[in-house]
Amino acid sequence: MSEERRGPDRDDAVSADRSGVLPPVLPADPIRARGRRLVEVSRLGDRRVVEVRTEDGVDLAVGMLPDGTPFAVGNVCRHQLAKLGRGRVTDRGCLECPWHRAEYDVRTGKMVTGPQGMIFGFPPYSAGVRAIGSLVPLSTRRVSLLDGWICLIDG
Ligand code: FES
């Protein structure tokens, strides 16, 4: 089965971040930005996204889409507050939450697929969460690539 078609029978707690047994809502160890330089592209790894803390103390999910487009968005999932920078970028270009696999369009910040799994994937519930996640999108920051870094454009 392709990664894009995993069914709702997949374990709810399975996440892209398999480094521990605790839910990915707890503080991790974000990369520290240097001024407008958020992260080097070479540090993104297979998940294509990381957590970055700006010099102002704001945590962002920063990554790159499969087509090479960089992005930086708010780091907290609209469902149950998982850290999106601990998720992954799917092959079809969505930011996937590491906990229940809701998906976000990083260009708009809107949730485009609700939570998945045996419990939270219940269609009416998942659709309701998606509606909320669409009405209250993630913040989006303007970024560009500069010398191998993903950089904020406007501070
Ligand atoms: S916490 Fe993100 S989908 Fe549940």
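**Strand pairing**

Mentor: Val39 has Ile150 as its bridge partner in S12. The model is a predicted one, in which local features need pLDDT of at least 70 and side-chain atom pairs count only at pLDDT 80 or more, while totals for chains, interfaces and linings use all residues. Residues are numbered from 1 along each chain as its sequence is written. Strands here are DSSP runs of E with at least two residues, helices are runs of H or I with at least four, and both are numbered from the N terminus.

A second pair in this region is Arg37, which stands opposite Cys151 in S12. Together, S2 and strand S12 (residues 149–152) are joined in the antiparallel sense over three bridges; two strands count as paired if DSSP finds at least two bridges between them. S12 also pairs with S11, again antiparallel, over four bridges. Here Val143 faces Leu152 of S12. The hairpin of S11 and S12 has two residues between the strands, and Asp147 takes a positive phi near 55° in it.

These pairings give an open sheet of three strands in the order S2-S12-S11, with antiparallel pairing. S2 and strand S11 (143–146) are its edges; each has a single partner strand, so one side of each is left without a neighbour in the sheet. From one strand to the next the twist averages 30°, an angle between N-to-C directions, on a scale from 0 to 180 degrees, of axes fitted to C-alpha atoms.

A second sheet lies elsewhere in the chain. It is open, with four strands in the order S6-S7-S8-S9 and antiparallel pairing. Its edge strands are strand S6 (88–89) and strand S9 (111–113), each of which pairs on one side only. S6 meets strand S7 (residues 95–96) over two bridges in the antiparallel sense, and Arg88 has Glu96 as its bridge partner in S7.

Buried means 20 or more other C-beta atoms within 10 Å of the residue's own, exposed means 12 or fewer, and partly exposed lies in between, with C-beta atoms placed from the backbone. Beyond four places in sequence, Leu95 touches residues including Val49, Ala61, Val73 and Tyr104, a contact being two such C-beta atoms within 7 Å.

The chain has one helix and twelve strands, in the pattern β-β-β-β-β-β-β-β-β-α-β-β-β. Ser126 is in helix H1 (residues 123–135) and counts as buried because it has 21 C-beta neighbours inside 10 Å. Residues up to four places away in sequence aside, Ser126 touches Gly114, Pro115, Phe120 and Gly121.

Of the 155 residues in the chain, 39% count as buried. Among contacts between residues at least 6 apart in sequence, 49% join residues at least 24 apart.
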